[in-house]
Amino acid sequence: MNEALVITLLVVSIFGFLACGVWVGLTLAGTAWLGMELFSSRPAGDAMAITIWGAASSWTLTALPLFLWMGEILFRSRLSQDLFKGLAPWLDRIPGRLLHTNVVGCAIFAAVSGSSAATCATIGKMTIPELTRRGYPQDQIIGTLVGAGTLGLLIPPSIIMIVYGVAADVSISKLFIAGILPGALLALLFMGYIAIWSLLHPDRIPHADERMSFGQKLYQSRHLIPVVLLIAVVLGTIYTGFATATEAAAVGVVGALIVSAAQGSLSWEVFKESLMGATRLYCMIALILAGAQFLTLSMGYIGLPRALAEWIASLGLSQFGLIIALMVFFIILGCFLDGISIVVLTMGVLLPTVNAAGIDLLWFGIFLVFTIEMAQITPPVGFNLFVLSGMTKKELPYLSRVSFPMFLLMILGVLVIYAIPEIATWMPAQMAP
């Protein structure tokens with residue numbers, strides 16, 4: 001069989017379906033069916049029914065709708081309004097001052113939403129008008145927000161990590177814990193950039209507000225404390241082994257309902273909207289995952305993963321060379337597809353190669369999330385760029401330019417976790433069995 005011809009047909013099929021406006025999940029399933037009908041002797045209908053049922057009934061996926069619901073509840077609470085007021089007093093004396101609210105706000109909201117686009121949109125609604133009113137430079141406001149919004153993918157609970165864990169058969173609990181230190185590293189890199197930039201351009205940073213006492217700062221942050229405690233409880237139960245990721249997600253939903261009720265923002269309408277919002281998002285992701293599982297099976301019967309693994313092995317790349325090649329590959333792919341589609345499309349093909357190269361699949365999951373984060377801010381289909389473009393009415397080239405330093409910092413982050421893999425692997429190794 002001519003593998004190049006098969007790959008060409010499948011790629012043309014995928015992009016052809018997508019160009020016609022077919023949903024991603026149905027595109028993947030349709031391409032898989034086409035591949036099995038043309039290049040395999042196994043009945044495609046029988047394989048599709050068994051695979052899609054297996055993908056849809058996976059117990060591991062139960063955590064996904066629960067974490068989505070937790071994020072939807074808190075998204076509709078007063079968290080977004082209280083976040084800026086709670087953070088500003090603590091950040092006003094650091095070089096760069098309130099620009100850091102973009103990074104810290106995104107890091108906190110990422111820990112309850114799991115979505116990069118939701119993080120970027122929520123924090124942007126709050127910080128862009130406020131920082132603009134206070135006289136901060138717009139290119140820095142928007143640039144740091146575009147970059148910091150990507151923390152929604154890396155800081156647990158992350159939707160991408162759940163999808164990768166299912167695809168690669170890696171513990172989702174360990175992936176969540178593995179993302180904490182790399183997420184903190186990336187946030188510190190962003191904050192370090194803001195501090196250095198502000199020291200080099202002191203005339204462009206407004207003066208600090210009047211000083212507050214420690215007690216006044218705590219009072220301003222009082223509404224953030226329950227949310228921070230909720231995040232600590234959810235991640236703490238996973239880390240100590242007290243709960244699985246699915247059980248921790250259930251705890252998170254109950255906690256989010258209690259926090260929302262205590263803030264006075266929980267009503268029947270909010271409850272219903274959050275539940276329906278999480279259901280719609282989960283149905284979309286589940287359809288993509290089911291289609292991807294069928295496509296993975298189809299490619300296995302055709303023999304593409306083995307052929308690709310042999311081709312990559314024939315290149316004689318070192319482990320570092322393979323990582324760099326995959327980073328470039330994922331960034332290019334991210335110019336055209338969203339993060340979930342990238343994971344489900346590529347893992348069935350690439351995992352044998354990654355295993356053969358001796359790369360730890362837990363570490364590879366964090367590396368994958370890092371590179372998908374980069375794809376979120378690369379044109380023409382960087383999701384965060386579209387979110388900010390709609391909010392700020394700025395063109396994509398401008399948004400790409402102001403966020404380019406963040407892109408470079410993400411590359412630096414990948415190199416750091418490659419040089420020191422324990423940043424991603426140490427905390428999971430300490431987890432209670």
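Leu 287 belongs to helix 16, in a model that is predicted. The exercises begin with this helix.

**Exercise 1. The span of helix 16**

Solution: 
- After the helix comes Gly 303, whose phi is positive, near 95 degrees.

**Exercise 2. Residues along helix 16**

Task: Classify Leu 287 and Gly 300 as buried, partly exposed or exposed.

Solution: 
- Leu 287 has a relative accessible area of 30%, so it is partly exposed.
- Leu 287 also contributes to a nonpolar surface patch of about 450 Å², together with Phe 17, Val 22, Trp 23 and Leu 26.
- Gly 300, likewise found in helix 16, has 46% relative accessibility and therefore counts as partly exposed.
- The C-alpha atom of Gly 300 is separated by 8.0 Å from that of Gly 348, although these two residues are 48 residues apart along the chain.

**Exercise 3. Two aromatic pairs**

Task: Decide whether the pair of Trp 268 and Phe 271 is stacked, tilted or edge-to-face, and do likewise for Phe 320 and Tyr 418.

Solution: 
- A pair of aromatic rings is described by the distance of the centres and the angle of the planes.
- The structure has 9 aromatic pairs when ring centres within 6.5 Å are counted.
- For Trp 268 and Phe 271, the centres are 5.7 Å apart and the planes form an angle of 20 degrees, giving a stacked pair.
- Both residues lie in helix 16, 3 residues apart, about one turn of the helix.
- Trp 268 is exposed because its relative accessibility is 61%, whereas Phe 271, at 25%, is partly exposed.
- For Phe 320 and Tyr 418, the centres are 5.1 Å apart and the planes are at 55 degrees, so this pair is tilted.
- This second pair links distant parts of the chain: Phe 320 lies in helix 18 and Tyr 418 in helix 22, 98 residues apart.
- Phe 320 is partly exposed at 37%, and Tyr 418 is partly exposed at 26%.
- Phe 320 and Tyr 418 belong to one aromatic cluster, which also includes Tyr 164, Trp 363, Phe 364 and Phe 367.

**Exercise 4. The salt bridges**

Task: State how many salt bridges the structure holds and which residues are linked in a network.

Solution: 
- The structure holds 3 salt bridges.
- Glu 130 forms a salt bridge with Arg 133, with the closest N and O atoms 2.6 Å apart.
- Arg 133 and Glu 130 are 3 residues apart in helix 7, so about one helical turn separates them.
- Glu 130 also forms a salt bridge with Arg 134, where the closest N and O atoms are 2.9 Å apart.
- The network of salt bridges therefore consists of Glu 130, Arg 133 and Arg 134.
- Arg 133 is exposed at 60%, whereas Arg 134 is partly exposed at 26%.
- A further salt bridge joins the side chains of Asp 139 and Arg 204, at 3.4 Å from N to O.
- This pair links distant parts of the chain, with Asp 139 in helix 8 and Arg 204 in the loop between helix 12 and helix 13, 65 residues apart.

**Exercise 5. Positive phi in loops**

Task: Locate Arg 97 and Asp 169, and give the phi of each.

Solution: 
- Most residues other than glycine have a negative phi.
- Arg 97 has a positive phi, near 45 degrees.
- Arg 97 is in the loop between helix 5 and helix 6, and is partly exposed at 24%.
- Asp 169 has a positive phi of about 55 degrees.
- Asp 169 is in the loop between helix 10 and helix 11, and is exposed at 73%.

Key: Residues are numbered from 1 along each chain as its sequence is written. This is a predicted model: local features need pLDDT of at least 70, side-chain atom pairs count only at pLDDT 80 or more; totals for chains, interfaces and linings use all residues. Side-chain values use heavy atoms; hydrogens and water are left out. Helices (H or I, at least four residues) and strands (E, at least two) are DSSP runs, numbered from the N terminus. Rings of Phe, Tyr and Trp (its six-membered ring) pair if their centres lie within 6.5 Å; planes under 30 degrees apart count as stacked, over 60 as edge-to-face and the rest as tilted. Buried means under 20% relative accessible area, exposed over 50%, partly exposed in between (1.4 Å probe, protein chains only). Patches are made of residues with over 30% relative accessible area and no salt bridge: like charges are joined within 9 Å, nonpolar side chains (Val, Leu, Ile, Met, Phe, Trp, Tyr) within 5 Å. Accessible areas come from the Shrake-Rupley method with a 1.4 Å probe; for residues, only the protein chains shown count as cover. A salt bridge is a side-chain nitrogen of Lys or Arg within 4 Å of a carboxyl oxygen of Asp or Glu.
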